[in-house]
Amino acid sequence: MGYNKGLKLGTAFTILIVLVAIYYRNSENVLQKRLQALIHGLEKLENKHVMTSRPKVAIGYGVCTDVYINAKDLLNYSEKIGQPQHFDEINTELELLKSFAYYFRHGAAAERYMANRTLFDELVTKARSFPSSYTTIGGNAAIMALRFAREGCDVTLAAKLTRSLHQMIPQVINIVGGEVKRDDIHLVIEYKHGDIWGPYSSARANRYNT
């Protein structure tokens, strides 16, 4: 008797799970259909209005150089790091390592200002020495300018750049603002899901920016 009752409950529970799965699957399908309908509607609206001239767009001022490097290449773990710790800004190499450990173990994104310019320059030089490192145009204004230009707009970007960074930006973008000797640089320290750094394993892929 007890066996039959348990069997019935188990069967009912299984059926319930199947029904819930079907419900959520149908809900997801409905959402996908709505999104597709919205996209098609926007495409039709776009095709109805043909541009007779290039829209003019002016953007400023955030432009920088982003230097990307794998965390395991740039940062070496050592026992002196001790307990991971949060800092509002970074002044020493030990603070950097403690701060990186603090976010790395949770796979959390972070961006910290490094007040120690000498240390920052040394890190950038070291990062660029690795073949895996690469450099891109960064900054919200520059990224938006590139996108608008790709969409066919007549773009003016207001920013002060070094000559080397100026040469990286497509010539179709008009740049005003003058020249500087040193670009703003963001050092982007990346890691993958499951990367090991000392006793810590990253919960997800992310990056630590300075």
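Colleague: In strand S1, which side chains point to one face and are buried, and which point to the other?

Modeller: This is a predicted model, and in it the side chains of S1, residues 56-60, alternate along the strand.

Colleague: Which strand is joined to S1, and how do the two run?

Modeller: S1 is joined by five bridges to strand S7, residues 154-158, and the two run parallel. To place one of these residues, take Gly60, whose bridge partner in S7 is Ala158.

Colleague: Turning to the open sheet, in what order do its five strands come, and which are the edge strands?

Modeller: The order is S4-S12-S9-S2-S6, with mixed pairing, and the edge strands are S4 (110-111) and S6, each of which pairs on one side only. Within this sheet, S9 and S12 run antiparallel and are joined by four bridges, and Tyr191 has Asn206 in S12 as its bridge partner.

Colleague: Where is Ser133 found, and is it buried or exposed?

Modeller: Ser133 is in the loop between H4 and strand S6, which spans 134-138, and with a relative accessible area of 15% Ser133 is buried. With residues up to four places away in sequence again left out, Ser133 touches Val67, Tyr68, Ile69, Ala127 and Arg128.

Colleague: How does one look for a pocket, and how much space lies in the largest pocket here?

Modeller: The general idea is that rolling a probe the size of a water molecule over the atoms shows where empty space is left. In this structure, the largest pocket holds about 340 Å³ of space. It is lined by 13 residues, and those nearest its centre are Tyr113, Met114, Phe120, Asp184 and Ile185. Strand S5 (113-114), helix H4 (117-128) and strand S9 (185-191) are the elements that give two or more residues to this lining, and by class the lining residues divide into five nonpolar, two polar and six charged.

Colleague: Where is Arg182, and which residues is it in contact with?

Modeller: Arg182 sits in the loop between strand S8 (174-176) and S9, and it counts as partly exposed because its relative accessibility is 38%. Leaving aside neighbours within four places in sequence, Arg182 is in contact with Arg117, Phe120, Asp121 and Thr162. Arg182 and Leu161 are 21 residues apart in sequence, and their C-alpha atoms are 7.7 Å apart in space.

Colleague: Finally, how many disulfides are there?

Modeller: In general, a disulfide is a covalent bond between the sulfur atoms of two cysteines. Here, with a pair of cysteine sulfur atoms required to lie within 2.5 Å, the count comes to zero disulfides. As for accessibility, Cys64 counts as buried because its value is 3%, and Cys153 counts as buried at 9%.

How values were computed. Residues numbered from 1 in each chain as written. Predicted model: local features only at pLDDT ≥ 70, side-chain atom pairs only at ≥ 80, totals over all residues. Heavy atoms only, no water. Buried < 20%, exposed > 50% of the residue type's maximum accessible area, 1.4 Å probe, protein only. Pairing = 2+ DSSP bridges. 1 Å grid on protein atoms, 1.4 Å probe; cavity = no way out; pocket = protein on both sides within 12 Å on 5 of 7 lines; lining within 4 Å. Points joined across faces, edges and corners; volume = space filled by probe spheres on them. Nonpolar A, V, L, I, M, F, W, Y, C, P; charged D, E, K, R; others polar. Contact = heavy atoms within 4.5 Å.
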